[in-house]
Every structure is written in C-alpha cells, then in structure tokens.
Amino acid sequence: MDIFSNWIMGLGVALQPYNVMIAVVSLILGIIVGVLPGLGGANGCAILIPITFAMNPTAGVIMLACIYWGALYGGGICSILFNIPGEPWAVAVTFDGYPMAKAGKAGKALVLSFLSHGFGAVVGVILLTFFAPIIAEFALRFGPPETAAVMVLTFSAMTRLGGKSALKSLVAIFLGFILAGVGMDIVSGKLRMTFGTIPLMGGFNFIVAVIGLFGIGEIFLTVEEGLKMEGVAAKVTFKDIREGLIELLRFKKILLMSSLIGCWLGIQPGGATPASFMAYGFAKSSAADKDQFGKGASSGVIAPEAAAHGAGTCATLPMITLGIPGSPTMAVIMGGLMIMGLLPGPMLFKEHADFVWGFIGSIWVANVLGLILVMAFAPLFAAILRIKFSILMPIIIYVCAIGAYAVNNRMIDIYYMLIFGIVGVFFKKLDYPMAPMVLALVLGSMAESAARQALIMGRGNPLIFFKPPIALPLMLLALFLFFLPTFTKWKKKLSAKKAPV
Amino acid sequence: MRKADIVLALFLMLIGLLVIWDSARLGYGWGMSGPEAGFFPFYMGLGVVIATFFIALRAIRIFRKEGSGKPLILPGGLSPMLWILLPAVGMLLLTELLGLHLATVVYLAFYMGVVGKINWTKVALISIIVPLAIYILFDKIFLIPLPEGVWGKNILALVPF
C-alpha cells in the first residue's frame, strides 16, 4: 500500500537522532509552556518560530509541532494540581481533575489525563495518516473559487463555534482581515490603511498578534484575578498507573467517543478548546452517575483530555492538505511553515512528500515520547509553578518581547505586542473571540488573493464562488452552517406563539 | 461592563469607518484588471460597521433593561494589571537606550525587588544570570540579533566575549 510505505519512510525520517533530539527538547519546552499560564501553545510556538529559521524545514516543523503536543499534555497538570488552567483547552479538566486531586488522588488524576491524551493522540494520528493523502488528492482539483469557498466555509463554521455572539465573531474575523491588509498591497503596490505613517507600512504580523493577544493578554487577566499558586503536591506512582489503566478500560466507550469528538472538531477550525468542552458535556449527559461530575468523576477527566489531544492532532489534517489550520495553534504552526517557504496545501504532498511524511511520522513518535516524558516527570514540571510569580512573570514578558522582536527585527513590534495584549483583555472580557481574528490574520493575504483571482476568472461576477461541482456545495454548506441557528431560533419563536398561553 | 460593550462596539465602528474611508481613496470598484486595491478592505470595513451597529444596538437595549451589569475590571484588579503594564512599558523605553538585555536586568531587578520584595541577593543573581543566559543563547548560539539600543552596543563591548 502506498500509504504504508510512505508511513514507514516518514517514521524513518522522524527517528533520525537529530530529529528525535529536537522532538524531546521541544516536548519539554512545550510541557513547560503548557504548565505555565500566560505562555500558551499558540504564543509558545510563535515565540520560537524565529529559531526555526536556522534549521531545516523538517526539524523546524517537528520543533513547532512538539511544542504543541507538549503543551497539550502539560495543560492538564496545572488544572489538576492548582485548579488554574494552564491552557484554554485545560479549563474543562479543572472541573473534575482538581476535586480528584484534593481528595488525595492527584496521581490517579494525572495518569488519567496523560493516558487519555495519549489515546486521543493515537486516534488522531491514525485518522491523519489515512485521510491526509486522500484529501490532498481531492484538494488538487481546487482552483481559486474553490479555495475561496473553503475559506468562507471555514470562517462560517468559526462564527458559530467560537463564543456566543455570531456578530462579535464576524467583527473579529473582519478585523483580522483588515489587520492582514495593512501595509503594501502586493498586486497594486499601493499602501493600504497606513494613513501616512511609516510604522504601519510594515503591517501587522500574526506572530506579534498571537503573542500579544494570547500571551500578554492572558497575563493581565491572570493577575487581575489575583491568582495564588497554592496547589496539591503530587507524585505519580506505579499504583496510580495501574489504577488509571483500569479506569480507562472501564470507560472505554467515553474514551473513544471523546477522541472522535476531538478529531471531528480538530478537522474543523475549532481546535482543542471547544473539543474539550463538548466532550465533557457529552460525558456528563451520557453518564450513569451524573452527580459525580464536578466532584471527581473519572470520565470527567478522561473525556476533555482525550478530546483536546485528538483535536490538536487532527488539526494538522486540514492544515497540510488544504492549507486551513484546524486550531489557533495550528494556525501559528502553519504561519511558520509559510515563512519557511513551504506552502501548506495539496502541492505540499506532491512536491515535498518526504517533508510531509516526515512530519506525520514525527507526530507518531512525539506523542509516544511526550506521554513517557510527562508521566515520568510530572511533579518536576509542576514544581515550576512554585517559583514565585514576581520572578516568573517578568521573565515571561522578557521572552515574549524577544519573540515579538525576532520576527522582523523591529522595536515597534514589541509595542504592538503590548497593545495587542490590552486589546486581548478587552476582547476576552466582552466576548469577542480572538481565535477567528488570528485565523483571519494568518489566512488574510491567501484568502484575499484567492477571492481576487476568482473574481478575475469570473469577470466580476460573484456567482463564480458558487461554481459546481466543488465550490457550490462548499458555499451552500457555509451558508447553511451560518444561518442554521438563526432559523432554529425563528422556528422556536413561531412554535412558541402557536402554543396555548 | 455593558457600558464598555457599547463603547467598544462604537470604537470598532469608528475603525470600520476609517477603513472604508481609506478604501474609498484607493478605489473599491473594478479596476483595469480586477478588483482595485480597496475592494477587499472596503467590504471588510463595511462588515465591521454593520456588525458593530447591531452589536451596539443590542448592547444599548440590554443596558436600558438591566443596567450596568458586572464591572469591567474586577475590584482591585486594575492595580496589579497596571503594575505589569507600566514597568513593561518602562522596560521597552529603556530598551531603546540600553538594548533589550541590559534593560531587562533593570526590569527584573525592579520587579523582583520592589514589587515582589524578594531578598536582594536572589534578585541580583537572577537579574544578571537570566538575561546573560538568554543573551548567549540567542545572540551567540541562535544568531538572532536583539535590540541593542543607542548605548547598548558600547556597554556590551565591555563584556569580554
């Protein structure tokens, strides 16, 4: 089978000593990033993108991706031991993980979290390995109208998945596109939205926006709540591992369903965070002992963790095949790939097969390594959180500033980072979702050129976007997803009126 | 918080209007060979204006019915946030003069010593070792140049490597 031989080749690339070393170092960095609130998967990757300039692309993408896998594994540690989510996708596991830890079963909670992550990763990477080549073949038939249609579908799905208000999601998306457009227009050479100022001529880089919005913003919000880092001490013993495995087998249906929910949401541009909540909700509603939830139910830990990791892994699938990142962190990784000159999409499979399969192979290797690392060293990673905040915090800001500067060697980017941080605080508080804005910023120029080329092809007729056989169903699906909640709301209102008062 | 909602929506609407105005300058119709430079931004700006209009409307309606709602910033929360923001801005301004690493030495020392009230030996050790380690890592090993500031280069030249 072609897939099989490619997979073996990929594993071969991934198991080269240099790549394994990069993977281990990046996994450790990723776990640390996942454990620390303020440094997240998205901006952790963003800060380290400039380091990848000095590496070959395969090693570079392994590094970035391993930070993501490490952050996925590590996010649960802070949630379970300190009741503080180290990552947005680790919020759901605080519900049952922390009560379990307080009841003295911290080791078991950690084991459940890590093993669920591992299982979610395996399901995700199996789906990835089998479906990536198929989707890539299909995507080869995409022209500008189809690409534009996929973008519309992506953003339409995001407006409904991210947060409560579709209007606010739309605003975030439009703002992201506007930010992406500031600076010189490639096609016409004209300066857009610079208002005569020189700093704005360089435009906004998504790395700076991500570090500011997700990193600095998160720090502001953390100190606002005055969080004290007093947590439960934990050790992971073999007894915990044994008990954890038994629990996993007991809840194998929830484990599998949660992983699949995660994979499904990872393929869509939602990511690990909505996946974890959805899986938690699913586990709770289908549980025999609902009232145990919130007090330390095992499946309350298993479900969100498996889903989060399944989502993270499957977020790679649309990214490498279609060029549509499946999660905000994957958007950053994709941005890194674009900077390295590798445009994700169907051509990547054709022209750089060894890179793609090396990457896929590394996902297999890294997630196994990550599981071992996190199980063995969890207490060590947790100890990082005991460092006094007033030491940790300025160092985090220092590292963020380096990340922001290193993108384009401009001081203004560090100032932008702080401004994005303030924006992030307001957006978070007033329910404007940031992930769609980042996605629009990353995809902005690609989306605009696809739309432009499509319109030129159609000679100005917007119906070109509805061209059968591929673009039409994509656009219809986009419109359907976007307007579905509006229709259901109207239907409810109408049937409420008909009911007797 | 509801008032802030209205204010932010109006502020974003203002940004949308600015974008539309600039797109008008660039032209948002059909040019010689395709959409003009302002085409895409125009519609994005228009989308922002329309969406924020409805958001502001909804926010005003809720505000009239239910009043102010929760406070935007938790009580006692503004002070810690400013204690992060202002020293960070100070560090950036200092960076323009001294370069990032030297400015960070001052920043770390200030934050740990004054805000965190950690004992000064620890402060001195960490404020020097961490930036030094990062300097070696980024400048020498990864070869990524970081801001040197107006005087930074001269001061760093005193360091023997």
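Chain B has a radius of gyration of 25 Å, while a compact globule of 161 residues would come in near 15 Å. Keep in mind that this is a predicted model.

**Chain B on its own**

The C-alpha trace of chain B stretches over about 60 × 55 × 25 Å along its principal axes. As for secondary structure, chain B has 6 helices and 0 strands, so to speak a plain α-α-α-α-α-α when you read along the sequence. Buried residues account for 32% of the 161 residues in chain B. Take the contacts in chain B between residues at least 6 apart in sequence: 61% of them join residues at least 24 apart.

**Where chain A meets chain B**

How many residues does each chain bring to the contact? Chain A brings 49 residues and chain B brings 52 residues. On the chain A side, six stretches are listed as giving two or more residues: helix 3 (41–52), helix 7 (166–181), helix 8 (206–224), helix 17 (389–408), helix 18 (411–429) and helix 19 (434–457) of chain A. Which of them gives the most? That's helix 17 of chain A, with 11 residues. Sorted by class, the side of chain A that touches chain B has 33 nonpolar, 6 polar and 10 charged residues.

**A helix pair inside chain A**

Now for helix 10 (residues 252–267) and helix 11 (residues 272–285) of chain A, which pack at an angle of about 145 degrees with their axes 9 Å apart. The crossing of helix 10 of chain A past helix 11 of chain A is right-handed. On the helix 10 side, the contact is made by A:Ile254, A:Met257, A:Ser258, A:Ile261, A:Gly262, A:Leu265 and A:Gly266. Facing them from helix 11 of chain A are A:Pro274, A:Ala275, A:Met278, A:Ala279, A:Phe282 and A:Ala283. By class, this contact of helix 10 with helix 11 of chain A has 10 nonpolar, 3 polar and no charged residues.

Here are the two contacts by residue class:

| Helix 10 of chain A with helix 11 of chain A | 10 residues | 3 residues | no residues |

Notes. Residues are numbered from 1 along each chain as its sequence is written. Chains are lettered from A and ligands numbered from 1 in the order in which they are written. This is a predicted model: local features need pLDDT of at least 70, side-chain atom pairs count only at pLDDT 80 or more; totals for chains, interfaces and linings use all residues. Two residues are in contact if their C-beta atoms, placed from the backbone, lie within 7 Å. Helices (H or I, at least four residues) and strands (E, at least two) are DSSP runs, numbered from the N terminus. Ala, Val, Leu, Ile, Met, Phe, Trp, Tyr, Cys and Pro count as nonpolar, Asp, Glu, Lys and Arg as charged, and the others, Gly among them, as polar. Axes are lines fitted to C-alpha atoms, for helices over the stretch in contact, and angles run from 0 to 180 degrees between N-to-C directions. A crossing is left-handed if the near helix is turned anticlockwise from the far one by less than a right angle, and right-handed if clockwise. The radius of gyration is taken over C-alpha atoms; the globule rule is 2.2 Å times the number of residues to the power 0.38. A residue is buried if 20 or more other C-beta atoms lie within 10 Å of its own, exposed if 12 or fewer, and partly exposed in between; C-beta atoms are placed from the backbone.
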